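Work through the exercises below with the structure in view, and try each task before reading its solution.

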Amino acid sequence: MHDLKMKYKGKKMAPAFNAFHTFLFAPNETTHSGSHVRGADDLKRTMNTVIMALVPILIFSMFNAGYQHYSALNGFPENFSVLEHFITWDNFWIGIIKVLPLVAISYGIGLLVEFIFAVIKGHEVEEGYLVTGMLVPLIVPVDTPLWMLSVAVVFGVVIGKEVFGGTGMNILNPALTIRAFLFFAYPTWMSGDKVWVYEARERSEQILAGADNVDAISGETVLGYLAQNNEAAMAAKYSISDMFFGFIPGSVGETSAFLCLLGGLFLIFSKIASWRIMVSAVIGSLVMGLMFNQVVELGWVGETSKFYGLMSFDFWKHLIVGGLAFGIVYMATDPVTGSQTNKGKWIYGFLIGFLSVMIRVFNPAYPEGVFLAILLMNVFAPTIDHYVIQGNVKRRMKRLKNAVVLPRDSDAAAKELKAETV
Amino acid sequence: MALLTKKDASLILDPLTDNNPITIQVLGICSALAITAELKASIVMAISVIFVMALGNVVISLMRNIIPSKIRIIVQLIVVATLVIIVDQVLKAYQFELSKTLGAFIGLIITNCIIMGRFEAFALANGPWKSFLDGIGNALGYGVILIIVGFFRELLGSGTLLGFPVLGDPILKTGLYATGYENNGFMIIPPAALIVVGLIIWVQRSRNPALVEEN
């Protein structure tokens, strides 16, 4: 490999080739001796850790794709047992034919775009897409057509990332840019009760076309039921443990709050993701949920209101349905697009949780808002950081002014002190 | 060109490319975002702006020596407003449906910064013939971008061009739709125009690096 690398050095294709090389081997250009301290957690390692945290979710989602399909066909099993009804080859097979192509397309198209840009710009391919490529298939509905995903990935990588200068320079989270593009471009494929279950849409189209030997199937999400003020039907279908462990319809990988929790703990202990953002986002969503509950309790919103279903939903349950848990753990903590300062992280996370639940309740088109909330806060993250830093500077300036400048009370001493403090 | 001297020709041609009012000066963005969802509306808007700008530039240029500079903005506004009302009335008389789609945006030509900009920057200091050419040139530069954006937004967003279904019928699933293609709803909403204009700027600047600002 290394000989090949030398051979291609300076050629136009070199960056593309080098990308493969560094992906497979540790580059030999790094320092081997001397006084340099080398951390083991380079960008590649960071990305791989996140992917490791995502793998259980991917596997779970493959089973869940099948489970939702067969449950919609035959009804949910009476005495649900994980081994008998969930981890079966039938379920896994649906996952292989529906979920894996999404992953393959997401990586294939996304890396192709990255390679093209690397060759044009003549610099190394960046690792940033490794995580994005894994996140994307997990946040789209299972029946998303592959060409739609391709278009969205090209859009997301080019507009969301490359125009700003590539990995590390982007303002918006590319995976969420892709999701938002899909949502606005093809809303009928992204919402409703037909898109979350494999084949549901196809069948309803066949029925419309006049086929009478197929049964209509559908899988409304928990939030979908609530948005229609249909809490009774929801409660009859999904129990709280279903919601927590993720045996519910939804975007491919977002359903299991349990696995998101495990992944989140893993990321916190490996110090990849910021626990401040996660904790404050959870607090934010709980506060907003509590406020809505309170509003309902005070009787300000009656049962006839179209917001009643979502507003009266117990505040803590917001965390285990929809994409909130997934968004908080894997999306909000993106180090590039999030806040950098510690105080900023608290504000940033809190507002993400707060806004997610608010948009979820008030969004007229679609009872979910995590991706919109995170994108919005991505835009505000630099502003938050700016004010946190300015606040810090101001406080220290004040301290400087009040400080008694001792013995050498010349201007030089004050200047020196100022230089140290600022 | 016998009709135009080289300098005069550049008055028309420059705004089309290297001094484009939208992509280089970034003026008149508001209407470019609002009315470009359909190609036809873009074309009509382009023609209206060409009319208003060419005539307005001539009128201001003819009056340039008698306008007191303290009230010149008011005079300019009156000239634009008069011309815009003519356009508006003509549209209402002959293209009623279209004038409803364009709605307030015909009236808002008055506030289009390109027009006021050219009055201030060019017509007040140059003769009527030159001002006429300058008006035509800048309005054409504006119109070209409008038409490009309108073309892509209508084609990708609605699958039609000037109202003709060029990609097949989305409901009966003919043409391209038979393969599973769907219209891109994102292209219908105004933010898409921002992105299309951004892409045009990108292409233009990568073809001509001299346009890239230093910072």
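Two residues are in contact if their C-beta atoms, placed from the backbone, lie within 7 Å. The model used in these exercises is predicted.

**Exercise 1.** Find which residues Ile352(A) is in contact with, leaving aside its neighbours within four places in sequence.

Solution. Begin by setting aside the neighbours within four places in sequence, and then apply the 7 Å limit to the C-beta atoms. The residues in contact with Ile352(A) are then Ala281(A), Gly284(A), Ala332(A), Ala373(A), Ile374(A) and Met377(A).

**Exercise 2.** Describe the contact between the two domains of chain A.

Solution. Chain A is divided into domain 1 (1-27 + 41-219) and domain 2 (268-399 + 408-422), and the contact takes 16 residues from domain 1 and 15 residues from domain 2. On the side of domain 1 that touches domain 2, helix H3 (43-74) and H8 of chain A each supply at least two residues. By class, the residues on this side of domain 1 are 9 nonpolar, 6 polar and 1 charged.

**Exercise 3.** Describe the side of chain A that touches chain B.

Solution. First, 8 residues of chain A are in contact with 8 residues of chain B. Helix H8 (residues 174-185) of chain A gives the most to the chain A side, with 3 residues. That side has 8 nonpolar, no polar and no charged residues.

Notes: Residues numbered from 1 in each chain as written. Chains lettered and ligands numbered in written order. Predicted model: local features only at pLDDT ≥ 70, side-chain atom pairs only at ≥ 80, totals over all residues. Helix = DSSP H or I, 4+ residues; strand = E, 2+ residues; numbered from the N terminus. Nonpolar A, V, L, I, M, F, W, Y, C, P; charged D, E, K, R; others polar. Domains from an automatic or database assignment.
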